[in-house]
Structure formats: C-alpha cells, structure tokens
Amino acid sequence: MELDLSGSAILANLIHQGGVFYDVEGKNPDEIYKNICDIIKIPDGLTAEQVYNALCAREQVLSTAVGNGIALPHSRAAIVKEDEQQEICIVYLKNPIDMQAPDEREVFVMFVLLTSNSQVHLKVLTELAGLFRNLRFRKALEAHAPEAELLSLIRELDK
C-alpha cells in the first residue's frame, strides 16, 4: 500500500491509525511515555519497551515541546519497519507538565510520531507545524477534541 503524502491526507491517515487518548497520567516525560506505551497500538516487530526507550532517548537530547502546550515525542531514527504501520497518537495529558517549551507553557497534548522513514517524518512535522499555527486547531486541542473533529478540521484547513 502506497502512503499518500499529500497535505492533510497523511496526517488524517496516521492519526486515524494511531488514535486519540485522554487523561494520560505522569509527572514527567518518562512517566508519560511509559503510560503511553502501555495504551497505544505498538507496531508489529516492536515492543512497548523499544518504543519507550526510543522516546526517552530523543527527549534526553532536546525537549520535544514546541510551544502552545504541544509536544511532538518521536524517536531519533525511523523506528517502524513498514509504511503501513506508521502512526501518530494524540495524547491528552491528565495534568499539564513542564517540558522546557520555548514559550514556557506547560504541555497538555502530545503528538507521538512513529514513522518508518525520514521523508514521511519531515512531511508530518511540516504539516503539523502549519496546523499548530492555526488558532482554530489549537483551540480544538485545548478543548480536547475527539478524533473525528480533529480529522475534519485538518481536512477543512488543508483546502
């Protein structure tokens, strides 16, 4: 199956594949990543421990907080083996945490990226950066919008 790399299609597909999770607990990124790895669908060929270690290792290099209460946890290198297994998991935190964001705002939502190659990874980051600049999208995140609402908004904003 060829992955559609066009605008909103890639984000919608990957978010649908990964899902949206609410009230994930943790006092710091390591605790939250542990809890995330316990609830998300781990791609075939990986273990929850491998995903957890990859997310923690990347976070130790530099915070994945991007501002506006959003973080983009991901591994430093492609972790997923097959394109069809790629996903973005949107994780709303039960309590916001300090992740040294550039705007000093506490993180309340994470977009956990599990990608198979740098081309997709960079495309996703570019598309997400555009969405995060949109006030309507940020407001939807602050309201802890469900998957269907987020996907609809992503498609609408891509037009």
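**Helix packing and buried loop residues in a predicted model**

What covers the buried residues of helix α3 includes helix α2 and strand β5; here buried means under 20% relative accessible area, exposed over 50% and partly exposed in between, with a 1.4 Å probe and protein chains only. The structure is a predicted model, in which local features need pLDDT of at least 70 and side-chain atom pairs count only at pLDDT 80 or more, while totals for chains, interfaces and linings use all residues. Residues are numbered from 1 along each chain as its sequence is written, and side-chain values use heavy atoms, with hydrogens and water left out. Helices (H or I, at least four residues) and strands (E, at least two) are DSSP runs, numbered from the N terminus.

- The buried residues of α3 are V51, A54, L55, C56, R58 and E59.
- An α-helix has 3.6 residues a turn, so residues three or four places apart point the same way.
- The 14 residues of α3 should span 20 Å at 1.5 Å a residue, and the 21 Å between its end C-alpha atoms agrees with this; the expected span is 1.5 Å times one less than the number of residues.
- The axes of α2 (residues 29-39) and α3 (residues 48-61) come within 9 Å and cross at roughly 155°. Axes are lines fitted to C-alpha atoms, for helices over the stretch in contact, and angles run from 0 to 180 degrees between N-to-C directions.
- That crossing makes α2 roughly antiparallel to α3; angles over 145 degrees count as roughly antiparallel, under 35 as roughly parallel, 65 to 115 as roughly perpendicular and the rest as oblique.
- On the α2 side, P29, D30, Y33, K34 and C37 meet A48, V51, Y52, L55, C56 and E59 of α3, where contact means heavy atoms within 4.5 Å.
- The residues of this α2 and α3 contact divide into 8 nonpolar, no polar and 3 charged. Ala, Val, Leu, Ile, Met, Phe, Trp, Tyr, Cys and Pro count as nonpolar, Asp, Glu, Lys and Arg as charged, and the others, Gly among them, as polar.

- R136, F137, A140 and L141 of α5 make the contact with E149, L150, L153, I154, E156 and L157 of α6. By class, this contact has 7 nonpolar, no polar and 3 charged residues.
- A145 is placed in the loop between α5 (135-142) and α6 (147-157) and counts as buried at 2% relative accessibility.
- Not counting residues up to four places away in sequence, A145 touches V20, Y22, Y92, A140 and L150.
- A145 and V20 are 125 residues apart in sequence, and their C-alpha atoms are 9.1 Å apart in space.
- H144 also lies in the loop between α5 and α6. H144 has a positive phi of about 55° although it is not a glycine, and is partly exposed at 31% relative accessible area.

**Other individual residues**

- D23 lies in strand β1 (residues 20-24). D23, although not a glycine, has a positive phi of about 55°, and counts as exposed at 51% relative accessibility.
- T115 is placed in the loop between β5 (107-114) and α4 (118-132) and is buried, with a relative accessible area of 5%.
- T115 touches A78, I79, V80, Q86, V120 and H121, not counting residues up to four places away in sequence.
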